[in-house]
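Here are my notes on this one, in numbered points. Have the model open while you read.

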Amino acid sequence: MSALHRLRNGAVTAVRRVGAPVGSVMRVRTDAPLVALTFDDGPVDGDTQKVLAALGDAGATATFFVLLTRVRRAPALLRDVVAAGHEIALHGPDHRRLTTLPPDSVRSRMRDSRSELEDAAGVPVRWFRPPYGAQNMRIWRATRAAGMTPVLWGPTLADWRTTSTEERLRLAVQGERGAIILGHDGFADAVDGVDDGPAPELDKGRLVSAVAAGYADKGLSLRSLGGVAASGRLVREARFTH
Ligand SMILES: [Zn+2]
């Protein structure tokens, strides 16, 4: 994995040289007719395959912010996601809120998690999305020190709560070019160290197909975050919780 180590070191060096803007990626400034579609909390046998099939039918790519608790249970599924041309990013070793963990453990936790995910996926990992979007300055610094860029989101598929398909589509298709859309192929639970109640009932494949069609009507295509970022510039905003 020497190439990955070089990349990791290069990223850290670049941060020191230019001075990292203190913020998380919220969207991409781009002229390309693209939006970034992202999925959190997987991979999960069943729903992840449905999402992959819908993306394939739509000719779309996406970024999957995965949990190591799920990757360890379904390593072959993670490799399927990579093989289908999608981007892999880190959501965490589990889904616990980072701001509630001992601060001294966060730095090694971030570094070790990235390393484990790169080994499992066989590709470099560039992005990190904190569970619940919860981060403080120490967590932000730990993310950067581990060679990753913090990413939050814009429009959502509202697929972690109970609501109508119409409402999900209305919210999901609000994005303009360069938007980062939040969806979920999994639903964190006790396996991931949290209790967020029951998962809503919905067909994730049908939802993703409808979202792709909605954006196609606006003349926009769905791509991974890395794919959209390559066409423009990252827009960061300082978003911290305590
Ligand atoms: Zn999550």
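1. Is alanine 158 buried or exposed? Alanine 158 is buried, with a relative accessible area of 0%; buried means under 20% relative accessible area, exposed over 50%, and partly exposed in between, with a 1.4 Å probe and protein chains only. Its phi is near 50 degrees, a positive value in a residue other than glycine. You'll find alanine 158 in the loop between β6 (149-150) and α7 (165-172). Helices (H or I, at least four residues) and strands (E, at least two) are DSSP runs, numbered from the N terminus.

2. A word on ground rules. This is a predicted model, where local features need pLDDT of at least 70 and side-chain atom pairs count only at pLDDT 80 or more, while totals for chains, interfaces and linings use all residues. Residues are numbered from 1 along each chain as its sequence is written, and side-chain values use heavy atoms, with hydrogens and water left out.

3. Now the metal. The zinc ion is coordinated by Asp41 (OD), His91 (NE2) and His95 (NE2), at 2.1 Å. Donors here are N, O and S atoms within 2.8 Å of the metal (3.2 Å for Na, K and Ca); water is not among the atoms, so sites may look incomplete. Along the chain the zinc donors are spaced as D-x49-H-x3-H. Aspartate 41, in the loop between β2 (34-40) and α2 (47-58), and histidine 91, in strand β4 (residues 87-92), are 50 residues apart, and the pair links distant parts of the chain. Both aspartate 41 and histidine 91 are buried.

4. Have a look at the backbone by the zinc ligand. Aspartate 41 has a positive phi of about 80 degrees although it is not a glycine, and its relative accessible area is 5%. A cis peptide bond, with omega about 0 degrees, joins glycine 42 and proline 43. Proline 43 lies in the loop between β2 and α2, and aspartate 41 is found in that loop too.

5. Strand β2 deserves a careful look. Of its 7 residues, 7 are buried, so β2 is largely enclosed by the rest of the structure. Leu34, Ala36, Thr38 and Asp40 point one way, and Val35, Leu37 and Phe39 the other.

6. Which strands pair with β2 in the parallel sense? One is strand β8 (residues 221-223), over 3 bridges, with valine 35 partnered by leucine 222. Strand β7 (residues 180-184) is joined to β2 by 5 bridges and runs parallel; there, the bridge partner of aspartate 40 is histidine 184. Parallel β3 is joined to β2 by 3 bridges, and aspartate 40 stands opposite phenylalanine 65 in β3. Two strands pair if DSSP finds at least two bridges between them.

7. On to β4. It is joined to β3 by 5 bridges, the two running parallel, and threonine 63 has glutamate 87 of β4 as its bridge partner. With 6 of the 6 residues of β4 buried, this strand is largely enclosed by the rest of the structure.

8. Aromatics next. The structure holds 1 aromatic pair. The rings of phenylalanine 39 and phenylalanine 64 have their centres 5.3 Å apart and their planes at 25 degrees, so the pair is stacked. For reference, rings of Phe, Tyr and Trp (its six-membered ring) pair if their centres lie within 6.5 Å; planes under 30 degrees apart count as stacked, over 60 as edge-to-face and the rest as tilted. Phenylalanine 39 sits in strand β2 and phenylalanine 64 in strand β3 (residues 63-67), 25 residues apart. Both phenylalanine 39 and phenylalanine 64 are buried.

9. The largest nonpolar core has 42 residues, and Leu55, Phe64, Met110 and Leu117 have the most contacts inside it. Such a core is a set of buried Ala, Val, Leu, Ile, Met, Phe, Trp, Tyr and Cys residues joined through side-chain atoms within 4.5 Å. Its largest share, 5 residues, comes from helix α8 (residues 204-217). Apart from this core lies another, of 13 residues, among them Val25, Val28, Phe65 and Ala229.
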